[in-house]
Amino acid sequence: MKNLKWIIGLVILVIVGYTIFNGSESAPKQDNAAYTQQLQKARKEKDESLKTDKDSPIEDKATFKGLPYFEIDPTWKVLGKIDKVKSGQKFEIQMTGGETETYEPYGNISFEKDGKKVSLKLFINSEGMLFLPFKDLTSGKETYGAGRYIDLDPKNEKDSQIEIDFNLAYHPFCAYNHTFTCPLPPAENLIPMAVTAGEKL
């Protein structure tokens, strides 16, 4: 099994570079052009890391030209309401290699999109970031069959609400390299619609 710390570090790098768009509801709304530009910059930086870092899951770095994405869609930024659970609880998550890993639940996060209400399990990782693994109706078709992830900075939570930007949804590295072992979204984290945002295959 390969260590996931490099993955986490890379994702946090993207989040930090993108934080100005994840402020509280009281923050002034960014225009779509600035939003798109900042997100494209973060994606370019991630692609550069994937191409050059020795621990990158990309095997053929010489021909790697960057990850594919859905079109940037600001409507896939939704406000999630968090119903926290008592801290210290444990939840066993199945890994792609067949084993399980223990995660700490943070709560259930719910949102509404296109008239549909969705509730997902949200976890907190050892780095203190909120971890949201999910599958949707693109899984196994336009996106990796084992699902995608979103990481959220708990500092952006306000009044038990936090913005979820599905344009930041990313694949686990086991999607690109079988030597990586990655957590699978729990069965409850199936979104009953096609999330056409973020990374695709």
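Among contacts in the protein (heavy atoms within 4.5 Å) between residues at least 6 apart in sequence, 66% join residues at least 24 apart. The structure is a predicted model, in which local features need pLDDT of at least 70 and side-chain atom pairs count only at pLDDT 80 or more, whereas totals for chains, interfaces and linings use all residues. Residues are numbered from 1 along each chain as its sequence is written, and side-chain values use heavy atoms, with hydrogens and water left out.

The protein contains two helices and seven strands, where helices (H or I, at least four residues) and strands (E, at least two) are DSSP runs numbered from the N terminus. Read along the sequence, these elements follow the pattern α-α-β-β-β-β-β-β-β. Of the 201 residues, 46% count as buried; buried means under 20% relative accessible area, exposed over 50% and partly exposed in between, with a 1.4 Å probe and protein chains only.

Several of the strands pair with strand 3, pairing being assigned if DSSP finds at least two bridges between two strands. Strand 2 (residues 91-94) runs antiparallel to strand 3 and is joined to it by four bridges, with E92 having T102 of strand 3 as its bridge partner. These two strands form a hairpin with five residues between them, and G98 in the turn has a positive phi of about 105°. Strand 1 and strand 3 also pair in the antiparallel sense, over four bridges, and here I82 has I109 of strand 3 as its bridge partner. Strand 3 and strand 4 are antiparallel as well and pair over nine bridges, with K121 in strand 4 as the bridge partner of N108. The hairpin of strand 3 and strand 4 has two residues between the strands, and D114 in its turn has a positive phi of about 55°.

When neighbours within four places in sequence are left aside, I164 is in contact with W76, K77, V78, G80, I109, F111, L132, I150 and L152.

Helix 2 (residues 32-52) contains D47. At 1.5 Å times one less than the number of residues, the 21 residues of helix 2 should span 30 Å, which agrees with the 30 Å between its end C-alpha atoms. The buried residues of helix 2 are Y35, L39, A42, R43, K46, D47, S49 and L50. Seen down the helix axis, they fall within an arc of 160° (taken from the directions from the axis to the C-beta atoms), so they line one face of helix 2. On the other side of helix 2, A33, Q37, K44 and T52 are exposed.

D47 counts as buried because its relative accessibility is 15%. Leaving aside neighbours within four places in sequence, D47 is in contact with F64, G66, L67 and Y69; D47 and F64 are 17 residues apart in sequence and 8.7 Å apart in space, C-alpha to C-alpha.
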